Amino acid sequence: MKKQIQSFQVDHDYIVPGIYASRIDGDIITYDLRTRKPNNNEYMDNVTMHTVEHMFATFVRFSSFGKNIIYFGPMGCRTGFYLIVRDMTNEQVLALTKETLKKIIDHNGEVFGASRKECGNYLELNLESAKKECKTYLKNLESWNDFNYKGESK
């Protein structure tokens, strides 16, 4: 039998938008920031996903937890993002995520890294679509408090 990576051991039919601690490696935790329900035929378009990536990554890396941020980037299935952190609690990650979403929603300037020299696909960025995605996701996180996936199929 083939071994499966941890994220394939979760039944995606049970996943709803939220934040999940999907992998723990010592003091490093990978969080799945699910903005969309998987396999629901409503996926993020590349422009939105790309823009949220630019904005979120920049804001978290320059936050008070910047030294704890290892990585932020999109899921290939276009249902969310990975946030990999060191030495942070679930509650700190949730608070930082909400704070970052609010900063994106309130941002009125240019998209960070939106030039040919800074990005390999700088023409595919749209702040308004990112704001819309972040508003919807923030609403889903209003009363979030469970960081565990349901329906693990181990």
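## A walk through the fold

Start with overall size: for 154 residues, a compact globule would have a radius of gyration near 15 Å, and the protein chain comes out at 15 Å, so the two agree. Keep in mind as you go that this is a predicted model. Along its principal axes, the C-alpha trace spans about 45 × 35 × 30 Å.

Next, the layout. The protein chain has three helices and four strands, and reading from the N terminus the order is β-β-α-β-β-α-α. As for burial, 44% of the 154 residues are buried. The accessible surface of the protein chain amounts to about 9000 Å², with carbon and sulfur atoms holding 48% of that. On the charge side, there are 21 positive and 20 negative side chains, and the centres of these two sets sit 2 Å apart.

Now zoom in on the rings. A pair of aromatic rings is described by the distance of the centres and the angle of the planes. This structure holds five aromatic pairs. Take Tyr-20 and Trp-144: their ring centres are 5.4 Å apart and their planes meet at 85°, which is over the 60 degrees needed, so the pair counts as edge-to-face. Tyr-20 belongs to strand β1 (residues 18-25), while Trp-144 is in the segment after α3 (127-140), so this pair ties together parts that lie 124 residues apart in sequence. Both Tyr-20 and Trp-144 are buried.

Another pair has a different label. The rings of Phe-72 and Phe-81 have centres 5.1 Å apart and planes at 20°; that angle is under 30 degrees, so the pair is stacked. Phe-72 has a relative accessible area of 2%, so Phe-72 is buried, and Phe-81, at 2% relative accessibility, also counts as buried.

Two helix residues are worth a click. Thr-97 lies in helix α2 (residues 90-106), and its relative accessible area is 0%, so Thr-97 is buried. What does Thr-97 touch, not counting residues up to four places away in sequence? The list runs Ile-19, Leu-33, Phe-56, Leu-83, Tyr-137 and Leu-141.

His-50 is placed in helix α1 (residues 46-61). With 14% relative accessibility, under the 20% cut-off, His-50 counts as buried. Leaving aside neighbours within four places in sequence, His-50 is in contact with Cys-119, Asn-121, Glu-124 and Leu-125. Its C-alpha atom is also separated by 7.8 Å from that of Pro-74, a residue 24 positions away along the chain.

Finally, check the backbone in two loops. Asn-39, in the loop between β2 (28-34) and α1, has a positive phi of about 55° although Asn-39 is not a glycine. At 56% relative accessibility, Asn-39 counts as exposed. Arg-78 sits in the loop between β3 (69-74) and β4 (80-86). Its phi is near 65°, again a positive value in a residue other than glycine. Is Arg-78 buried, exposed or partly exposed? Its relative accessibility is 30%, so Arg-78 counts as partly exposed.

Definitions and conventions:
Residues numbered from 1 in each chain as written. Predicted model: local features only at pLDDT ≥ 70, side-chain atom pairs only at ≥ 80, totals over all residues. Heavy atoms only, no water. Rg over C-alpha atoms; globule rule 2.2 N^0.38 Å. Buried < 20%, exposed > 50% of the residue type's maximum accessible area, 1.4 Å probe, protein only. Areas by Shrake-Rupley, 256 points an atom, 1.4 Å probe, with all protein chains shown as cover. Lys, Arg positive; Asp, Glu negative; His and termini not counted. Charge placed at Lys NZ, Arg CZ, Asp CG, Glu CD. Phe/Tyr/Trp six-rings, centres within 6.5 Å; stacked < 30°, edge-to-face > 60°. Contact = heavy atoms within 4.5 Å.
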